[in-house]
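Visitor: Hi, I have a structure open and would like to talk it through with someone. Could we go over it piece by piece?

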Amino acid sequence: MPMAPPPLLPLSALLLLLAAASNASAKPVQTQALLATPLSPDRVSAPSELARDDDDSVFAGNLASAEDAPASTVRFRLVHRDDFSVNATAAELLAYRLERDAKRAARLSAAAGPANGTRRGGGGVVAPVVSGLAQGSGEYFTKIGVGTPATPALMVLDTGSDVVWLQCAPCRRCYEQSGQVFDPRRSRSYNAVGCAAPLCRRLDSGGCDLRRSACLYQVAYGDGSVTAGDFATETLTFAGGARVARVALGCGHDNEGLFVAAAGLLGLGRGSLSFPTQISRRYGRSFSYCLVDRTSSANTASRSSTVTFGSGAVGSTVASSFTPMVKNPRMETFYYVQLIGISVGGARVPGVANSDLRLDPSSGRGGVIVDSGTSVTRLARPAYSALRDAFRGAAAGLRLSPGGFSLFDTCYDLSGRKVVKVPTVSMHFAGGAEAALPPENYLIPVDSKGTFCFAFAGTDGGVSIIGNIQQQGFRVVFDGDGQRVAFTPKGC
């Protein structure tokens with residue numbers, strides 16, 4: 001007698017069995033611990049030694065003397081702009097930074113677009129770097145000496161620009177800066193560049209004062225900021241007394257905009273007028289920096305690092321940490337890399353497609369750049385949406401906060417919690433390089449109540465940008481001689 005077939009399971013029970021089998025075979029989500037410390041409600045007021053107008057310790061060999069560092073290396077200390085006195089709360093400063101960040105990202109996207117055509121670019125050195133947050137502009141500062149004798153000057157570090165410039169007396173129109181305005185009339189090493197000089201012809205927006213036969217420069221930024229004046233060469237002095245002569249720079253007599261506190265800008269791009277290119281005969285084209293956590297504790301020592309130029313910039317960085325630089329024939333300033341994927345919780349996100357992040361060399365659109373002056377990493381919209389959804393799924397145990405904050409659309413209520421396990425996030429680059437992000441590099445506090453937001457954003461502007469929040473704590477190496485970039489963890 002044949003046996004009766006087993007009874008059929010209800011559909012709901014079958015689905016439960018399938019889900020259980022799937023969960024049993026799925027890999028557990030990799031997590032790491034986040035210290036859920038909210039922003040302080042107090043107003044920031046923590047002056048740093050670099051913020052003092054009379055501080056010239058940067059030139060006194062307190063970081064690296066000529067004997068301590070190789071002749072092919074120059075190093076300066078980096079300090080966060082939070083170390084400057086400012087009458088604002090951390091939440092107010094963050095809101096302002098994100099507002100300015102949006103303008104900068106739009107400018108970079110416009111500069112990398114096809115309408116701009118081909119752009120001409122205009123051992124080692126070490127200097128201190130300071131974050132620009134507390135002064136209101138969002139970049140990082142370094143203090144150097146300009147001229148002979150040296151006038152201390154706080155300079156913004158900017159990998160998205162080439163031209164070096166600073167405010168100069170006499171000022172027709174100048175914004176308020178920290179410290180004394182440089183006066184070229186008091187420097188023995190200042191030399192104006194003539195209109196017919198090759199240096200003048202390298203400028204994208206150059207001109208000529210026919211009466212003086214003096215080369216003129218002008219640099220305009222997407223946020224409305226502008227600097228204009230004489231183009232000249234000058235001697236720059238760095239930590240330990242290292243001096244670099246005949247650096248071409250703009251001496252700005254007419255300046256306005258959002259360069260709050262800084263005396264000027266040290267362009268670190270790939271163009272012919274950038275600082276690394278100008279010093280390449282002596283130090284090579286390599287430099288590295290470490291950007292400290294903007295929301296780190298008040299302990300000044302924990303917020304200091306260095307930017308290094310020359311052979312010491314690469315140091316003992318292992319080869320597997322490097323990814324090749326990518327060249328954009330339409331924009332030689334930016335540092336392009338090939339981001340090929342992102343992992344969340346130990347699993348690659350399938351929707352982060354290489355096709356959405358690849359540079360189109362014929363149009364100059366797309367691609368991924370590493371930028372010191374942009375705070376938040378922006379990814380092409382499809383890649384960002386896939387990353388955000390993957391993170392939300394992996395962080396299902398965290399309590400979502402209703403709404404978003406500024407440009408962030410994924411925020412969590414971590415109030416009352418001291419340590420929280422969050423999914424890991426890693427960025428994967430061509431050549432096998434990987435940047436495994438610390439949790440504070442992608443979940444950041446945005447208020448004093450315990451709200452933390454996923455610090456990525458989407459962009460429809462063409463170019464994707466790896467911003468400085470995601471770079472915090474890494475020694476980011478720009479090996480211009482080897483045409484490669486590395487992200488070395490715990491490099492500060």
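Visitor: Which residue does Arg 381 form a salt bridge with?

Guide: Arg 381 forms a salt bridge with Asp 460, and the closest N and O atoms of the pair are 3.0 Å apart. The two residues come from distant parts of the chain, since Arg 381 lies in helix H8 whereas Asp 460 lies in the loop between strand E29 (456-459) and strand E30 (464-466), 79 residues apart. Please keep in mind that this is a predicted model.

Visitor: Is Asp 460 buried or exposed?

Guide: Asp 460 is exposed, because its relative accessible area is 62% and the cut-off for exposed is over 50%. Arg 381, with a relative accessible area of 35%, counts as partly exposed.

Visitor: How many residues does helix H8 have, and how far does it reach?

Guide: Helix H8 covers residues 381-394, which makes 14 residues, and it reaches 20 Å from its first C-alpha to its last, close to the 20 Å expected at 1.5 Å a residue.

Visitor: Which residues of H8 are buried?

Guide: The buried residues in H8 are Ala 383, Tyr 384, Ala 386, Leu 387, Arg 388 and Phe 391.

Visitor: What does H8 pack on, then? Let's start with the sheet that has E17 in it.

Guide: That sheet is an open one of four strands in the order E18-E17-E25-E26, and its pairing is antiparallel. Strand E18 (347-348) and strand E26 (434-437) stand at the edges with a single partner strand each, so one side of each has no neighbour in the sheet. H8 packs on this sheet by touching E17 and strand E25 (425-429), and the direction of H8 makes about 20° with that of E17.

Visitor: How many bridges join E17 to E18?

Guide: Two bridges join strand E17 (residues 339-344) to E18, and the two strands run antiparallel. Within this pairing, Ser 343 stands opposite Arg 348 in E18.

Visitor: And the sheet with E28, in what order do its strands come?

Guide: Three strands form that open sheet in the order E23-E28-E27, with antiparallel pairing. Strand E23 (411-413) and strand E27 (443-445) are at the edges, each with a single partner strand, so one side of each is left without a neighbour in the sheet. Neighbouring strands here are turned by 30° against each other on average, direction ignored. E27 pairs with strand E28 (residues 451-454) over three bridges in the antiparallel sense, and Pro 445 stands opposite Phe 452 in E28. H8 packs on this sheet too, where it touches E23, E27 and E28, and its direction makes about 135° with that of E28.

Visitor: Back to charges for a moment: how many salt bridges does the structure hold?

Guide: The structure holds 15 salt bridges. One of them joins Arg 173 and Glu 256, whose closest N and O atoms are 3.4 Å apart. This pair also links distant parts of the chain, with Arg 173 in the loop between strand E6 (165-167) and strand E7 (191-192) and Glu 256 in strand E11 (residues 243-256), 83 residues apart. Arg 173 is partly exposed at 40% relative accessibility, and Glu 256 is partly exposed with a relative accessible area of 32%.

Visitor: What about Asp 183 and Arg 185, how do their side chains meet?

Guide: The side chains of Asp 183 and Arg 185 meet in a salt bridge, at 2.9 Å from N to O. Asp 183 is buried, with a relative accessible area of 11%, whereas Arg 185 is exposed at 60% relative accessibility.

Visitor: Last one: what is the mean pLDDT of the chain?

Guide: The mean pLDDT of the chain is 82, and 79% of its residues reach 70 or more. Over residues 12-24 pLDDT stays under 50, and the model has one contact beyond four places in sequence for them. It also stays under 50 over residues 115-124, for which the model has 41 such contacts.

Methods: Residues are numbered from 1 along each chain as its sequence is written. This is a predicted model: local features need pLDDT of at least 70, side-chain atom pairs count only at pLDDT 80 or more; totals for chains, interfaces and linings use all residues. Side-chain values use heavy atoms; hydrogens and water are left out. The expected span of a helix is 1.5 Å times one less than its number of residues. Buried means under 20% relative accessible area, exposed over 50%, partly exposed in between (1.4 Å probe, protein chains only). Two strands pair if DSSP finds at least two bridges between them. Contact means heavy atoms within 4.5 Å. Axes are lines fitted to C-alpha atoms, for helices over the stretch in contact, and angles run from 0 to 180 degrees between N-to-C directions. pLDDT is the predictor's confidence in each residue, from 0 to 100. A salt bridge is a side-chain nitrogen of Lys or Arg within 4 Å of a carboxyl oxygen of Asp or Glu.
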